[in-house]
Amino acid sequence: LQQLRDEVERLYRSGEDHIPKDIEFHTCIARCSRNRVVEMLVPIINTAVMTFANLTHRMLMNETIETHRSIVDAVIDQDPVGARCAMIMHLTYNRQALVRLLKEQRDEGAGEQSRQTTGSPEDCVEDGLPGKTVKYRKYIQKEKVKMAKTFSFLYNKTKKDKIHQMY
């Protein structure tokens, strides 16, 4: 687990493709949890990791590294409360980033509607980059909504598991 965490961190910091190792890392954590529900969610978690990484483009690098370290430290220390808290923090950072991205997308959408009346081709290009068309933005919006729902589900599932473990 430590080796996977360190490898993900190294790849992340170097700007290399860290997603396959990150998926391996999250899968390992799920298996370490010995929670059958979490283990059954591995395919959803893996899809969420890949999609989230592609949507956020390393905007949470420091938070991700910090929470990965906290999670691994708690698992090694056999501290289930610490691991749960670190995982909730990890999901919270991710959820906040998705909410921020969705808000930005909505704000852009409102501005885009007023620009569409001009019909100018330049209005269909985001940040002057080719390929960043209205169609692309709509696709990204749909992906962000899917991710928000997935993270919201996982966050709520974590909270419910915590309540069940208390009783």
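**Note on the cores and helix packing**

1. The largest nonpolar core has 7 residues in all: Leu4, Val8, Phe25, Ile29, Ile71, Val72 and Ala86. Helix H1 (2-14), helix H2 (19-33) and helix H5 (61-76) are the elements that each give two or more residues to this core. The model is a predicted one. In soluble globular proteins, nonpolar side chains tend to be buried together.

2. Another core, of 6 residues, lies apart from the largest one; Ile19, Ile45, Val49 and Ala53 are among its members.

3. Ala86, a member of the largest core, touches Thr67, Ser70 and Ile71, leaving aside residues up to four places away in sequence.

4. H2 packs against helix H4 (residues 42-56) at an angle of about 145°, and the two axes are 9 Å apart. Their crossing is right-handed. On the H2 side the contact is made by Ile19, Asp22, Ile23, His26, Thr27 and Ala30. H4 contributes Val42, Ile45, Asn46, Val49, Met50, Ala53 and Asn54. By type, the residues of this contact comprise 8 nonpolar, 4 polar and 1 charged.

5. Does the span of H5 agree or disagree with its number of residues? It agrees, because 16 residues at 1.5 Å a residue should span 22 Å, and the end C-alpha atoms of H5 are 22 Å apart.

6. The buried residues of H5 include Thr64, Ile65, Thr67, His68, Ile71, Val72 and Ala74. Of these, Ile71 and Val72 also belong to the largest nonpolar core. Just after H5, Gln78 takes a positive phi of about 55°.

Definitions and conventions: Residues numbered from 1 in each chain as written. Predicted model: local features only at pLDDT ≥ 70, side-chain atom pairs only at ≥ 80, totals over all residues. Heavy atoms only, no water. Core = buried A, V, L, I, M, F, W, Y, C linked by side-chain atoms within 4.5 Å. Buried < 20%, exposed > 50% of the residue type's maximum accessible area, 1.4 Å probe, protein only. Helix = DSSP H or I, 4+ residues; strand = E, 2+ residues; numbered from the N terminus. Contact = heavy atoms within 4.5 Å. Axes fitted to C-alpha atoms, helices over the stretch in contact; angles between N-to-C directions. Left-handed = near helix turned anticlockwise from the far one by under 90°. Nonpolar A, V, L, I, M, F, W, Y, C, P; charged D, E, K, R; others polar. Expected span 1.5 Å × (residues − 1).
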